[in-house]
Amino acid sequence: MRAVLLRAGYVLALPAVLVALWWLASDGSTNVYWPPLRTILKTFPDVWTGQRLHDDLLRSVLRLLAGYASAAVLGVALGTVIGSYRRVRAVCEPVLEFLRAVPPPVLVPVIMLFAGIGDGMKILVIVSGCVWPILLNTVEGVRAVDPVMAETARSYGITGAARLRTLVLRSASPQIFAGLRQALSIGIILMVISEMSAASNGLGFTIVQFQRSFAIPDMWTGILLLGLLGFALSVVFQVVERRVLGWYHGLRASTRRS
């Protein structure tokens, strides 16, 4: 119990300090673009009612999850193939480096031409940015499979799907999760960007509407909600990562103790 409280203290200490500094720095502010934090917090429950949470927050989260999941499946699948075969990697690497260098926000107008302005466009924008860290980390993780373990699996006749599941993906999973973590933050950014263009709902759309109507405290509540969403998703990701990579974290802990 003491360890849990101590860890919670470490986690909450810096946010508490930052909130206190924000409160003190904005207290008494008369700048219309920099309202006091107490005004923002007072406005928050009036703006984000149950209906608005359903129409904007829930829709944004669903788009993010759809794009993120699609990018994860695509990135891991392609990364496994590219990382497993040297010739495929040699052929694909120049094209991958070119496509990776194109900023995803630049692709928004192009994707709109082909996918329209509906949810499909927004999901494709998220996929176009999230897929790269997952794919590249998967490639490097697959390439880094221990050759001794690979030879041992071959000696025991472990091939095909069993080899892929028990050796390749398991060995590459720490690096795959590193790519998934990077992709999550990129996905949140692209979710907002895609909703700022040709949308009628979502967090990005709502924040821009508040800004255009000079409802500045309302705009700040949207930014605050976006930060809380990012924090919540990060916590969920850490829980999933700890569960899936329990063997890896246990191995690292035992190595440090020895």
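Residues are numbered from 1 along each chain as its sequence is written. Because the model is predicted, local features need pLDDT of at least 70 and side-chain atom pairs count only at pLDDT 80 or more, while totals for chains, interfaces and linings use all residues; side-chain values use heavy atoms, with hydrogens and water left out.

Helix α3 covers residues 50–84, 35 residues in total. Helices here are DSSP runs (H or I, at least four residues), numbered from the N terminus. From first C-alpha to last, α3 reaches 48 Å, close to the 51 Å expected at 1.5 Å a residue (the expected span being 1.5 Å times one less than the number of residues). There is a bend of about 30° at Leu 57 in α3, taken as the angle between axes fitted to the seven residues ending there and the seven starting there.

A pocket is an open set of points on a 1 Å grid over the protein atoms alone, where a 1.4 Å probe fits, with protein on both sides within 12 Å along at least five of seven lines; lining residues have an atom within 4 Å of a point. Grid points are joined across faces, edges and corners, and a volume is the space filled by probe spheres set on the points.

The largest pocket comes out at about 340 Å³. Elements giving two or more residues to its lining are α1 (2–26), α2 (37–47) and α10 (216–244), and α1 gives the most, with 6 residues. Among the lining residues are Pro 15, Trp 22, Leu 41 and Phe 231. By class, this lining has 11 nonpolar, no polar and no charged residues (Ala, Val, Leu, Ile, Met, Phe, Trp, Tyr, Cys and Pro count as nonpolar, Asp, Glu, Lys and Arg as charged, the others, Gly among them, as polar).

The second largest pocket holds about 290 Å³. Its lining of 11 residues has Arg 7, Val 11, Ser 234, Val 235 and Gln 238 nearest the centre. Here α10 supplies the largest share, 7 residues, and the classes split into 5 nonpolar, 2 polar and 4 charged.

Thr 221 also sits in α10. Thr 221 counts as buried because its relative accessibility is 0% (buried is under 20%, exposed over 50%, with a 1.4 Å probe and protein chains only). Beyond neighbours within four places in sequence, Thr 221 is in contact (heavy atoms within 4.5 Å) with Ile 40, Thr 43, Phe 44, Val 47 and Trp 48. Phe 214, in the loop between α9 (203–212) and α10, counts as exposed at 58%. Phe 214 has a positive phi of about 60° despite not being a glycine.
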